[in-house]
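Here's a short tour of a protein model and its ligand. Have a look at the sequence and the 3D view, then read on.

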Amino acid sequence: MSRPRRVLDCGYGCGLWCTEVADAHPDCQTPDMTVMAIHNWICVLANMTVKVIGVDINPRQPDEVPDNLYLQLDDLNRRFTFSSHNFDLVHSHMMVSGIHTTRWTQYMRDMFRVTRPGGWCQMVEMYLHVQSDNGTLTDDHALRRWSDLYFESHEGLKDLRVPLRLPAMMREASFEHVEHRMVQLHTCAWSNDERDNAIGAANRENVQRMLSALAIYPFTERLGMAIQDVQLLVAQAKLEASNPAFKVTSSFPASRAKWSN
Ligand SMILES: C[S@@+](CC[C@H](N)C(=O)[O-])C[C@H]1O[C@@H](n2cnc3c(N)ncnc32)[C@H](O)[C@@H]1O
């Protein structure tokens, strides 16, 4: 998409993506009011103003926010309040642990409703069922047990299998031209391919942090596990994830679709 005018980031997190988009498509605002008014007029006339809106339930803000980025506090588990056909691009990234199981169908419909005809919706999620490229990881390994417990701890609340159904759900919501890709990320540097090896090395630290950050609350509070047991499992899972011999990957289903006009 070369010149989006209005972009929506659903669950902006630390604001990295929406800040990059806003910076890449600066609007015409300047600090001088007179100049700004003239510039805005020109932009409105030329239909050039780019506005990026980020929504999150957590009110954290990046240190610096571009003039054309508007961060709003809202709950995406409620119906969107934006008017219909509002955005050229709607972006939803890693929202599977935020959107309620029962909300997904309507969440997709809401994203469709606010996308303008001809606009795009893009979604990337993480499917936390880790796999071993050489089959050495079994159900008895800590990483698999971590994964099973993670799914179990979200049952009835969040549907962690939604990432596998993104294309079908997009079509059901009336999007067309659905494209889907399963991106595999290595949990450490184990590949013979230079690029994949570098990505695995860069991802290692993310995985290590994620294994403890995602587990502590659901495992102790929802599954009633003792914190010592969780810490032991996490420590073992971290060792396996960073052991190149297991060749572990995690999956990131990525879909994008168009509101056909
Ligand atoms: C895993 S983070 C992903 C952040 C960002 N999209 C990214 O990929 O870096 C999930 C984000 O969704 C937000 N979130 C969770 N539930 C939400 C809800 N019901 N409404 C709005 N935001 C929510 C969280 O506060 C968090 O910032």
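## Around the ligand

Which residues are closest to the ligand? They are Gly11, Gly13, Ile57, Leu76 and Gly98, out of 13 residues that surround the ligand.

## What you're looking at

This is a predicted model, where local features need pLDDT of at least 70, side-chain atom pairs count only at pLDDT 80 or more, and totals for chains, interfaces and linings use all residues. Residues are numbered from 1 along each chain as its sequence is written.

The protein chain has eight helices and eight strands. These are DSSP runs numbered from the N terminus: helices are H or I with at least four residues, strands are E with at least two. Of its 261 residues, 31% count as buried. Buried means 20 or more other C-beta atoms within 10 Å of a residue's own, exposed means 12 or fewer, and partly exposed is in between, with C-beta atoms placed from the backbone.

## Strands side by side

Let's start with β2 (residues 51-56). Five of its six residues are buried, so the rest of the structure largely encloses this strand.

β2 pairs with β1 in the parallel sense over five bridges; two strands pair if DSSP finds at least two bridges between them.

## One face of a helix

Helix α3 covers residues 104-114, and its buried residues are Tyr107, Met108, Asp110, Met111 and Val114. Looking down the axis of α3, you'd find them within an arc of 155°, so they line one face of the helix. That arc is taken from the directions from the helix axis to the C-beta atoms.

What do these buried residues pack against? The partners are β1 (6-10), β4 (87-93), β5 (115-124) and α5 (166-172).

## A buried loop residue

Val162 sits in the loop between α4 (142-154) and α5. Is Val162 buried or exposed? Val162 is buried, with 20 other C-beta atoms within 10 Å. Leaving out residues up to four places away in sequence, Val162 touches Val96, Trp104 and Glu125; a contact means C-beta atoms, placed from the backbone, within 7 Å.

Definitions and conventions
Two residues are in contact if their C-beta atoms, placed from the backbone, lie within 7 Å. A residue is near a molecule or strand if its C-beta atom, placed from the backbone, lies within 6 Å of it.
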